[in-house]
Amino acid sequence: MSTPYAKLPAWADYGLIPLINLSVAFIVAGFVVMLVGENPFRAAVILVEGAFGKGTGIAFTLFYATTFIFTGLSVAVAAHCGLFNIGTEGQAYIAGLGIAIVCLSFDSTLPWWLTFPLAIVASALVGALWALIPAYLQAKRGSHIVITTIMFNFIAASIMVYLLVGPLKPAGSQAPQTRNFLAGAELPKLNWIIELFGAKIRSAPLNICFLLALVMAFLVWLLIWRTKLGYEMRTYGHSPKAARYAGISETRIIITAMMISGALAGMMALNPVMGDQHNVAIDFVSGAGFVGIAVALMGRLHPVGIVLAAILFGMLYQGGAELAFEMPAISRDMIVIIQGLVILFAGALEHMFRPYIQALFASFSPKSVGMQAINGKGA
Amino acid sequence: MAQAAIELIGINKSFGAVRANRDINLEIARGTIHGIVGENGAGKSTLMSILYGFYQADSGEIRVGGKPASIKTPNDAIALGIGMVHQHFMLVDNFSVLENIILGAETDALLKSSIAKARSELDRLEREYGLEVDPDAIIEELPVGLQQRVEILKALYRGAEILILDEPTGVLTPAEADHLFRILRQLKEQGKTVVLITHKLREIMAITDTVSVMRQGTMVATRETRKTTVEELAELMVGRRVLLRVEKGEAEAGAVKLAVKNLTVRDSRGVTMVDDVSFDLRAGEIVGIAGVAGNGQSELLEAISGIRHAVSGSVMLEGKPIDLTGKADPGELRDRGLAHVPEDRHHVGLVLAFEENENSILGYHDDPRYLRGPFLNIDAIMADARDKIEKYDIRPGNPRLKTANFSGGNQQKIVLAREIEQDPGVLIVGQPTRGVDVGAIEFIHKRLIAMRDQGKAVLVVSVELDEIRSLSDRILVMFAGRIVGERGPEATEGELGLLMAGVEHQEAAQ
C-alpha cells in the first residue's frame, strides 16, 4: 500500500514535530502535577529555572547531558546498523573497571592530561570488548542481541559489585567503592566557560568530558554519513539482504558496529568517574544507558539531534531535582513520570501527529512537500 | 443500455501534493467485464481502494446501483455487494478453505453453525460458477490458481455483485489464467459485474467488454474493447507511441561465458528448489528462463550470483568456478565481471531509505573511484550518479532524493544503470520489468539488447512470457526446479505455456 503521507521540509521534520511532541508531553505532565494538587505553571517555571536559571543549574544540566550524549551516540551507532543495543548500561558500567585500573595505577605519577587519554582508551576498549561477546553471538550463533545485551547488563552489574566490595575496595573501608583518585586523575572543570558569560557557579561537576562528547558526536556523524564503514552499516541496518547482495560481511559489520557502540558507551563512564566522583562506586551509571535509548530515538539517531535531546534530558534531571526540592508534593518519582511522558510522546508516539501536520502543510503549500510520485504498490 | 452498477462522479484524491486521482468519472455497466489499464502510478489502485473503502475520496460521489453510497470501510463496500480480490492474497495460509471463507463472517462462538452454513453455501457457489475447490484443503497446500479461486469464493460468499480483481494473472500460468477468464465469463453470465485492473493489454483484449485507460491520475479514455486495439491502448496509457516489441538483429553467440552444470539447490526446509540444472550462457546472446513464479528461478539466480548455497553442481564464470557454498563474496564476483540485477529490487537491489546516489554505488562501494581513504568520495559519487541519471533518463533527476520516492520503473533504472555501467561480461537479470511501466519497459529492453550486441552474455529470468519471447535468443523453461525444455524465440505462447505448466514434462516422466 502506498505511504499515504508526503514528505515534510527538514525544518518541520526535525524541529516542529519534536517540539509539538514535547509540548504535548509537558501538557500531559501538567495534568499530572495538577492531580497532586500543585500549580503546573509554577512547576514548569521551577523546572526550567532550576535547569537554566543559574550558572550552577546550567553546569549541572550540561554535566548530565554529557553522560546522555555518550549513551545516546552508543545506541544510535548500533541502531544505524539495525542492532538494538540495550547493553549500553552494562558496557558503561564495566568500563568503569578500565578507568579504575588506569586511574589507580597512574594518578600519583602522571598529570591529568596524560591519565585522561589512557583512561579514554581503557574505557572505550573495555566497553567495546563487553559489546563484542553479544555481537559475536548474534553474528555467528544468531542469539538475539536484545536478549544477550540485557543479560550482559546483569553480568556486568554482578562483576562490578564483586570487584567493588572486594578487590577494588581499600582495606578497612566500609563503602563499596575504590579509593578516591588523586589529582592526577581529576579532570578539569569547565565551569569557567559559563562564568565567562557572567553567571556564578558555586560548585558543579561540568568537566572536560563535555567537549569530548561533542567531538565524539562529530566523529559519529563523520562515521555514519561520510565513511565506507558507515555506508556499510547503514546498508545492513536498512536491509540485511541488500547488504548480502552488496558483498558486505554480516559478521564483520555486526561486530564492528557493536564494538564502536560499546566503546562510546564505555566513554560515558569517564564523565561521572573522573569528572565528578573521582572514584568508581557501585551503580554509578544509574540508568543513563537506558536514558540513552530515549535520547537516541528522540534525536532521530542523528548526532545533532542526540546532543539536543541529551540537553533536554539533562534539563529534566537537573530541573527535576530542583522541583522535587521546591515542591514537596512532587517527589522524585513524579520527575520520573514526567521523563517517562517525554519518552512516550517523543519516542514511542513520535509519528502520532505527523499525518495531521503533513496534511496541514500540503494544504498550505503543496510545493513544500514536493514529492514526485506515489511510491509503493503500482496503481 | 444496461443499468450502471457503479458510477464514480468527479472523484479526487490527493496524498500530500500528489494528486493520485483527479476528477475521475467512470460508469461501469451491470453485467459486464470492465477493464482498467494504466501504468504504475496512474492511480488505478487508488481509485479501487476508494471504491473498496480503504481510502476516502477528497471529493466526488460514488453511486452503487444508482443510489449514492458512502463507503468508509471495506465493510461498507461488502455490505453494498462489492468484493475485491487483491493482488497479494489475503488468506490465512494454515487455515482450510472453509475457515478462510468464513473468516470475518463467522456468526457463532463455536463456529459450528457458521461452518455448516458455509459448507452448503460454498457447495452451491461451486456448482453455479464452476469454482471447484476442496473446502477442507489447507491453503498453503493449494496452488496459487486455486488460492485465487478461494479469494473469489470469499467475495461471492459475502454476497458480492461487483467483483474487483487487482492484477489477477500476475501469479498464474497461462492455463490457469485461461481458467480464470472462463470463471469471469461465467460470473458475467450470472449477472455479476467484474472490474479487472491490469497492465496486460492482451488480457484486456481477450476478456473485457469495456476498457478505461488511466494516465497520471486522470481517466483519459473509455473504449468498447472490440472497437479498440492494443496499440491504441498502449498509446493512450503512455501518451505517446510505444514499441511493444523491441526490434533486434540475429544473435552472434560467441564463447561460453557462464557454464552451469548439474546445479542443485535446496531451500531452508530441505525442499529441492533447483534440480540438476545445466546450461551454457554465451557471449552475445540473451538466454531467457521462463516459468511460473516459484519454480526455482529465484533460487537459481541466487546460487549463480553466489548468495545462496548450492548442494551440488558447478558454475563456471569465464572458465573459473564460482564458490557455491553460499559464502562467496559477491564483491569478488563483481570484480570478475558478473553483474546481478536481483528480482527483488525493494529489499535486495536497493536500499529504499537511501538517497539515489547512495544506491548508485551499492555493491561497488569498495571501488577506489568512490573512496578517499576510509571516507566516501561524495563528489565522485554525486558526479557518477548524475551521469547515470542522464544516460538512463532517471526521473526525477535528483541524486539526493530518497530512492523510495522514485517510481518502480525509475528504481529499476537505477539498478540497471549501476550494474550495466560497470561494464560486466555477464549480466544476470531477475524480472527486468516487474512493476515497471510500459514506457520504461521499452527502454530497459533496448538496453539489454544493446548489452548483447556489445558481446556480453545476458541471462534473463522473467515470469512475463511476452518479455521472455521478445528478448531471448534462446528460451529455457523451468518447472518444479528442472529445465523442462529449450526453445527458440519463435516458440508459440501455447507451446511455452504447456511447458511452464509441466505438461510435457509429466508426460515424458510417465
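What percentage of the 379 residues in chain A is buried? I began my notes with this question, bearing in mind that the model is predicted.

**Entry 1: chain A overall**

I looked up the burial in chain A and found that buried residues make up 53% of its 379 residues, where I took a residue as buried if 20 or more other C-beta atoms lie within 10 Å of its own. For secondary structure I noted 16 helices and 0 strands in chain A. I then checked the overall dimensions: the C-alpha atoms of chain A fill a box of roughly 75 × 60 × 35 Å along the principal axes. The radius of gyration of chain A is 22 Å, which agrees with the value near 21 Å that a compact globule of 379 residues would have. Turning to the contacts in chain A with a separation of 6 or more, I found that 78% of them are accounted for by residues 24 or more positions apart.

**Entry 2: the two domains of chain B**

I next looked up how chain B is divided, and recorded domain 1 as 4-238 and domain 2 as 256-509. The C-alpha centres of these two domains of chain B lie 33 Å apart, and the contact between them takes 10 residues from domain 1 and 14 residues from domain 2. On the side of domain 1 of chain B that touches domain 2, the elements giving two or more residues are α6 (174-189) and α8 (230-238) of chain B, with the largest share, 3 residues, coming from α8(B). By class, I listed that side of domain 1 of chain B as 6 nonpolar, 3 polar and 1 charged residues.

**Entry 3: strand β20 of chain B**

I then turned to strand β20 (residues 457-462) of chain B, which is mostly covered, with 6 of its 6 residues buried. In a regular strand the side chains alternate between the two faces of the sheet. When I looked up the directions in β20(B), I found B:Ala457, B:Leu459 and B:Val461 pointing one way and B:Val458, B:Val460 and B:Ser462 the other way, all of them buried.

Which strands pair with β20(B)? Strand β13 (residues 286-290) of chain B runs parallel to β20(B) and is joined to it by 5 bridges, while strand β19 (residues 426-430) of chain B also pairs with β20(B) in the parallel sense, over 5 bridges. I followed B:Leu459 through both pairings: this residue is the bridge partner of B:Val287, and B:Ile428 stands opposite B:Leu459 as well.

Technical notes
Residues are numbered from 1 along each chain as its sequence is written. Chains are lettered from A and ligands numbered from 1 in the order in which they are written. This is a predicted model: local features need pLDDT of at least 70, side-chain atom pairs count only at pLDDT 80 or more; totals for chains, interfaces and linings use all residues. Domain bounds come from an automatic or database domain assignment. Two residues are in contact if their C-beta atoms, placed from the backbone, lie within 7 Å. Helices (H or I, at least four residues) and strands (E, at least two) are DSSP runs, numbered from the N terminus. Ala, Val, Leu, Ile, Met, Phe, Trp, Tyr, Cys and Pro count as nonpolar, Asp, Glu, Lys and Arg as charged, and the others, Gly among them, as polar. The radius of gyration is taken over C-alpha atoms; the globule rule is 2.2 Å times the number of residues to the power 0.38. A residue is buried if 20 or more other C-beta atoms lie within 10 Å of its own, exposed if 12 or fewer, and partly exposed in between; C-beta atoms are placed from the backbone. Two strands pair if DSSP finds at least two bridges between them.
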